[in-house]
Amino acid sequence: MVMRTIFGFEAARVETADEAIKATRSAGKILRNMESVYRRDRIDGHTRAAAPAPHRLALHRLLWKRGSPPNLRLLRIRNVILASLVCAAAALPISCQPRKWHGDQKVIILGIDGMDPQLLKKFIAENKMPNFSALIEKGSFRLLTTSIPPQSPVAWSNLITGMNAGGHGIFDFIHRDPKTLQPYFSASRVEPPKHGIHLGNWVIPIGGGTAEQLRQGKAFWETLDDYGVPSTIFRMPSNFPPVKTRGRSLSGMGTPDLRGSYGTFSFYTDDPVTAAGVVEGGQIIPVRVEDSQVTAKLMGPDNTFRKGSPTTLEPFTVSIDPLEAVARFTVQDQKFVLREGEWSDWVHLEFQLIPFIGNVNGICRFYLKQVHPRFELYVSPININPADPALPLSTPKSYSRELAEEVGEFYTQGISEDTKALSAGVLDDKEYLEQARTVLAEHRQIFDAEFPKFHSGLFFFYFSSLDLNSHMFWRLIDPQHPEYDAALAAQYGSALSEFYQQIDQVLGQVMQRVDDHTTVLVLSDHGFAPYNRSFNLNTWLRENGYITLNREPNPDQSQAFANVDWSRTRAYGLGLNGLYLNLKGRERDGTVEPGASADALLIEIKEKLLGVRDPENNQAAITRVDRARDVYQGPHSAQGPDLLVGYNRGYRAGWQTILGNFPADIFENNTNPWSGDHCMDYTLVPGVLLSNRAIDAANPALTDIAPTIFAQFGIPQSGVMMGHSVFLSTR
Ligand SMILES: [Zn+2]
């Protein structure tokens, strides 16, 4: 029997001529139905794109279903049907099934977010990285060209698809809807059902809510599937919800917490000095200690089953020992005791949406920061419980539960290190470091459980630690940083090298199992640089006459582009590196004619930006500006920013400007503990690529990785991929 895959998709098995005719008829009917649904969906797609607040933060455990963008999803179904039509029309006893792969070639990839070549070399020189040192000696080490811009969701999407942002459509952490000018997270969208029946205070949803991945293009492991190559993909960024695969995968960066955010901690205190309210990445909640007891509420997801979508709340109590620094917690049916300075294990929570029918499960950790004289309690963001996920976290669906059964619960939110709690001053360096160590310990536990099970095909494992901890601890390794503190550096300055050393230990575990048929790739998505000074792009655009405001901005204003007079605005900044023209026909109130005048304006702004000097030291703040049309290829090229602003080392877009706000000054010192960064001129922050084999490419790029993987398994490269295998023998 001939095995065949057509258009890269699994197609129906057709054994006889009779069956073939039947299949042709029914496939034709399905195809006609699909055409009408497809047309309807496209119209829907437009409506949805124009709707406000596209990133609705609400969850429906009972009703979720995975959605890929409608046109793509339906195109795939169409392709399957077309494939079976082709088979059937031939009326031959053929079958079209994915190949079974019998090779013994193995590929192991360690994806180390933010591993920096300069730091790696420094720690190798200090004899801290023996396994990396040995790998470089026996194999090879190259700088790896990162994505434009060098942000993790963009960079990993380049690796996943072998295309740049023009192909996969992820241009930044943050995108905007040109019709509303409102920002939203670029990687995924969680939406409640569109319609519901209103009954008293309840809204009973009709149809399912969706969790939709916004990255376009085929992931390399989908192609491995087509050829029957088994794969395990652990915490790949920009893969939530995880794409359907026969292999095992767990989602990573881009996975929300139970509130639908990228992580919202809670901090309960009776200290009247601490201002209550929302802070970036969390909320400060005032409590009272009465009779040595605190009663407070944990905030769950918004209950879209109820009118007005109120936040679900679950009470908990803390009984404080009047003398000792210790407290007893009662959370639903769980009781535990914490000493001051102690973290709880994962605590299980259930939030009731519809009594007895609809509940969602979450997990969180408590940290008792202080008992006397003030009560201070940190509660982690409430994570989706991997043992009973409210949204799809893994393939197969049961995989996250199996992992939880094997190693215990673990952080499932995309960025697990609570950098926001450190930035808000809720956790100090020591406390943040403990939390960050826990995250890596959980990843290593899963690695230890999963890696021994790998025997053939591809194994990808992602580590977030070097990225997040380089962001937070740069100020402790760099005396030039404005936030450098010698005393703190003496205490915690070695933390970053400790995380590098742990990754070295993991590499040691990998290398023990390498045989002649194994290719090891160790790579990072980008390197790292200091972030000393902020450049407020929107303030600069305003002062240079490209943006006009109706009135002076309110410093507390948090809404994007409030007070902007769009009829007198020609360009705006959004996201970490994006600059957009206010283009007629694209933006709601566009003013710039597409074509020659848009071109001239882009050239003018680019030249002015390259001339910007920091008044404090006369350094260039921006060393590179790329035009989208020069650097992107693919169907989505026109959807992203028009210019990509590449900052010099030491500089980055300011915290407020990236969300469409207007701080008073163009330049500011970066006083946030988030003191290292990489969202800069991409040529200044390359990543690393190491292999046990000789890398022939002199200047490999992230877009070469998918072609390299395919070459290892003898899979032909798809035409949309930009790169080539980095190994000569398989090019
Ligand atoms: Zn980063």
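In which sense do strand S10 and strand S11 pair, and over how many bridges? Strand S10 (residues 231-236) and strand S11 (residues 248-251) run in the parallel sense where they pair, and four bridges join them. Keep in mind that this is a predicted model.

**The eight-stranded sheet**

- S10 and S11 belong to an open sheet of eight strands, laid out in the order S3-S36-S27-S2-S26-S10-S11-S25.
- The pairing in this sheet is mixed.
- At the edges you'll find strand S3 (140-144) and strand S25 (394-395), each of which pairs on one side only.

**Helix H8, buried on one face**

- Helix H8 covers residues 399-407, and Ser 400, Leu 403 and Ala 404 are buried in it.
- Look down the axis of H8 and those buried residues fall within an arc of 100 degrees, so they line one face of the helix.
- What do the buried residues of H8 pack against? They pack against S11, S25 and H10.

**Helices H10 and H13, side by side**

- Helix H10 (residues 429-450) and helix H13 (residues 495-511) have axes that come within 12 Å and cross at roughly 5 degrees.
- Angles under 35 degrees count as roughly parallel, and H10 and H13 are therefore roughly parallel to each other.
- H10 brings Leu 433, Leu 440, Arg 444 and Phe 447 to the contact, while H13 brings Ala 495, Phe 499, Gln 502 and Val 506.
- Sorted by type, the residues of this contact are six nonpolar, one polar and one charged.

**The six-stranded sheet**

- Another open sheet has six strands in the order S13-S14-S12-S23-S22-S19, again with mixed pairing.
- Its edge strands are strand S13 (277-279) and strand S19 (342-343), and each pairs on one side only.
- Inside this sheet, strand S12 (residues 265-269) and strand S14 (residues 282-286) pair in the parallel sense over five bridges.
- Thr 269 has Pro 286 as its bridge partner in S14.

How values were computed
Residues are numbered from 1 along each chain as its sequence is written. This is a predicted model: local features need pLDDT of at least 70, side-chain atom pairs count only at pLDDT 80 or more; totals for chains, interfaces and linings use all residues. Axes are lines fitted to C-alpha atoms, for helices over the stretch in contact, and angles run from 0 to 180 degrees between N-to-C directions. Helices (H or I, at least four residues) and strands (E, at least two) are DSSP runs, numbered from the N terminus. Angles under 35 degrees count as roughly parallel, over 145 as roughly antiparallel, 65 to 115 as roughly perpendicular and the rest as oblique. Two residues are in contact if their C-beta atoms, placed from the backbone, lie within 7 Å. Ala, Val, Leu, Ile, Met, Phe, Trp, Tyr, Cys and Pro count as nonpolar, Asp, Glu, Lys and Arg as charged, and the others, Gly among them, as polar. Two strands pair if DSSP finds at least two bridges between them. A residue is buried if 20 or more other C-beta atoms lie within 10 Å of its own, exposed if 12 or fewer, and partly exposed in between; C-beta atoms are placed from the backbone. The arc is that of the directions from the helix axis to the C-beta atoms.
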